[in-house]
Amino acid sequence: MEGLKVDIRQRLGGFSLEVAFEAAPTGVTALFGPSGAGKSAVLAAIAGASAPDSGRIRLGELVLFDSATGVNLPAERRGAGWVFQDARLFPHLTVDANLRYGQKRAKGRPEVASFDEVVEVLGIGHLLPRRPIALSGGEKQRVAMGRALLSQPRLLLMDEPLSALDAGRKAEILPFLDRLKSTFPLPILYVSHSLTEVTRLADRLVVMEQGRVLAEGPLSEMLVRGDLKSLAGRPDAAAALDTRVASHDPERGLSRLTVGGIELLTPIVAQAVGAPARVLVMARDVLIAADRPGRISARNVLPAQIEKLAHRQDGTVLVTLTLGAGVSLLSAITEDASHALGLTPGAQVWAVVKSVAVEGIGASGLRTLDD
Amino acid sequence: MNFTPEELAAIRVSLVVAGRAVAVALPLAVAVAWVLARGRFIGKTLLDALVHVPLVLPPVVVGYLLLLVFGVMGPVGGPLLRLFDWRLVFTSGGASLAAGVMAFPLMVRAVRLSLEAIDPGLETAARSLGAGPVDRFFSISLPLAAPGVLAAAVVGFAACLGEFGAIITFAANVPGETQTLPLAIYSAIQSPGGEATAARLAAVSLVIALAALIAAEVLSRRARRWIGR
């Protein structure tokens with residue numbers, strides 16, 4: 001099956017939406033951008049709650065909307081599971097009946113999620129007889145996700161599902177989202193303005209601003225582009241690396257991770273040897289050395305090539321460093337340091353990263369960025 | 001209390017006339033309330049005004065208009081009589097029609113308020129889960145509006161019990177057929193020595209009204225718990 005293809009134009013009051021992007025058939029594609037960028041409007045158009053003025057929306061072979069041929073599939077027949085900011089559970093139904101509401105109306109779509117599996121993955125078995133009023137915010141949101149999944153959707157739309165929750169509740173739900181993503185084989189479109197959520201969950205990033213798509217691509221590539229203000233302009237700009245755990249060395253208190261032939265040492269991560277582990281390396285935690293440093297406490301000293309220098313508004317320079325095929329890091333340095341080292345694109349340097357600055361995300365705790 | 005057969009007939013007629021009026025008017029009121037609460041169409045304001053007309057017109061005028069339309073020579077009453085041998089004027093059914101028309105705006109308002117209080121987001125959610133318009137109405141909107149529908153039934157029933165002008169104009173004051181409690185009380189007061197009857201029937205009116213209110217309160221509390229509010 002192919003993924004989702006969106007190419008639409010829509011006027012909403014004084015706001016104009018003009019977006020084109022694709023989402024992969026599986027995995028999480030994040031629509032990322034500040035509030036008011038039009039992310040939720042895009043979801044509404046895909047779900048069929050509003051009709052664009054022109055353009056088309058396709059999900060694999062299925063045309064959901066096409067202004068040229070006059071196709072506008074009613075929302076109830078699109079099979080778009082929609083998870084809202086506010087859970088929108090039906091107050092007169094028990095959790096069990098809420099979950100089964102969409103399941104009963106799935107109209108012969110292939111099963112992507114069984115009742116027992118959803119209840120298991122989301123950990124909501126003990127809530128089944130309750131009414132929504134008796135649930136916490138986090139529990140409500142888990143039930144809402146289960147309800148959407150059980151409608152056997154063709155894709156899952158998640159509209160800032162964590163934004164109404166406090167930090168503690170967010171941390172409580174993120175592991176469920178990890179499991180949901182790796183268990184159920186369907187495209188997930190995840191709207192968020194939170195870099196924490198996006199770096200943790202997304203495989204693909206669509207960066208939006210003021211009703212336009214600025215860039216789209218794999219998360220790791222988007223993060224190190226250096227020219228996207230909503231990512232590179234942040235004081236907590238970071239690179240994400242999808243590594244594998246090569247070994248644990250409990251005596252030295254280190255784990256060895258590999259990515260694209262590069263080796264990184266980190267404090268022990270929770271994942272098993274051979275398992276994938278996504279790590280975040282903040283730009284402010286990466287030093288650049290012109291010559292190979294001698295004795296130094298940082299455990300990661302890696303040969304790198306300067307790919308790009310981006311001057312930021314706060315007077316610092318964001319340097320994109322290529323370590324190997326498809327492996328890049330960011331380093332934030334001062335203008336002065338950049339001059340002193342004579343940094344230019346193509347120059348060979350050494351990237352110095354303290355191992356404690358390499359943070360595993362996913363299985364081990366929550367990396368909170370300055371959202 | 002010992003009721004005379006005439007007094008018992010008035011009580012029975014009242015309950016039958018009001019009960020039948022509410023039974024017929026309530027589904028209609030729900031439908032109209034739904035259209036007014038959710039619909040967007042030309043003529044909505046006109047429909048809204050038409051529904052509310054009985055509230056602002058003198059009841060006698062409403063009864064008179066019903067005579068014009070539903071009388072044996074009227075545009076609706078004529079065909080009804082010819083095709084179905086169904087006469088409304090001066091019958092118990094006509095009394096229900098008159099009472100129902102008068103109570104209709106109150107019932108629509110009660111239902112409409114509760115429909116408008118439902119978060120439209122719930123319907124969007126139901127829609128994304130595969131529910132079509134009719135399905136959404138019966139699975140989401142109607143259950144959530146249940147307290148309002150219940151209130152409409154009670155308010156409507158009370159209004160029908162109290163209706164005087166429209167009934168006496170359209171259906172006349174026929175004992176055992178169209179003579180409801182207010183009409184019977186009025187007749188008793190008019191006739192010499194009817195004070196005892198008037199007092200007894202007034203007491204019955206009070207008891208029925210109180211019973212309806214208490215039943216409504218209990219039911220609506222239960223309905224609210226049922227819909228998880």
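**Reading the complex**

Guide: Let us begin with the interface, where 17 residues of chain B are in contact with 23 residues of chain A. Two residues are in contact if their C-beta atoms, placed from the backbone, lie within 7 Å. The model is predicted: local features need pLDDT of at least 70, side-chain atom pairs count only at pLDDT 80 or more, and totals for chains, interfaces and linings use all residues. Residues are numbered from 1 along each chain as its sequence is written, while chains are lettered from A and ligands numbered from 1 in the order in which they are written.

Visitor: Which elements give two or more residues to the side of chain B that touches chain A?

Guide: Elements are DSSP runs numbered from the N terminus: helices (H or I, at least four residues) and strands (E, at least two). On the side of chain B that touches chain A, the elements giving two or more residues are α6 (120-128) and α7 (133-144) of chain B. α6(B) gives the most, with 6 residues.

Visitor: How do the residues on that side of chain B divide by class?

Guide: Ala, Val, Leu, Ile, Met, Phe, Trp, Tyr, Cys and Pro count as nonpolar, Asp, Glu, Lys and Arg as charged, and the others, Gly among them, as polar. The side of chain B that touches chain A has 9 nonpolar, 6 polar and 2 charged residues.

Visitor: At what angle do α6(B) and α7(B) pack?

Guide: Axes are lines fitted to C-alpha atoms, for helices over the stretch in contact, and angles run from 0 to 180 degrees between N-to-C directions. For α6(B) and α7(B) the angle is about 135°, with the axes 10 Å apart. Angles under 35 degrees count as roughly parallel, over 145 as roughly antiparallel, 65 to 115 as roughly perpendicular and the rest as oblique; α6(B) is therefore oblique to α7(B). From α6(B), Leu122(B), Glu123(B), Ala126(B) and Arg127(B) make the contact with Arg136(B), Ser139(B), Ile140(B) and Ser141(B) of α7(B).

Visitor: Which helices and strands does chain B have in total?

Guide: Chain B has 11 helices and 0 strands.

Visitor: In chain A, how do the axes of α4(A) and α5(A) cross?

Guide: The axes of α4 (residues 137-150) and α5 (residues 167-183) of chain A come within 9 Å and cross at roughly 20°, which means that α4(A) is roughly parallel to α5(A). Gly137(A), Gly138(A), Gln141(A), Arg142(A) and Met145(A) of α4(A) meet Arg169(A), Glu172(A), Ile173(A), Phe176(A) and Leu180(A) of α5(A). This contact comprises 4 nonpolar, 3 polar and 3 charged residues.

Visitor: Into which domains is chain A divided?

Guide: Domain bounds come from an automatic or database domain assignment. Chain A has domain 1 (4-223) and domain 2 (238-361), with 33 Å between their centres, taken over C-alpha atoms. Contacts join 5 residues of domain 1 of chain A to 7 residues of domain 2 of chain A.

Visitor: Where in chain A is the pLDDT below 50?

Guide: pLDDT is the predictor's confidence in each residue, from 0 to 100. The mean for chain A is 89, and 96% of its residues reach 70 or more, but over residues 363-368 of chain A the pLDDT is below 50. Where pLDDT is low, the predicted coordinates should not be read in detail. Chain B averages 90, and 99% of its residues score at least 70. For the complex, the predictor gives an ipTM of 0.83 and a pTM of 0.83.
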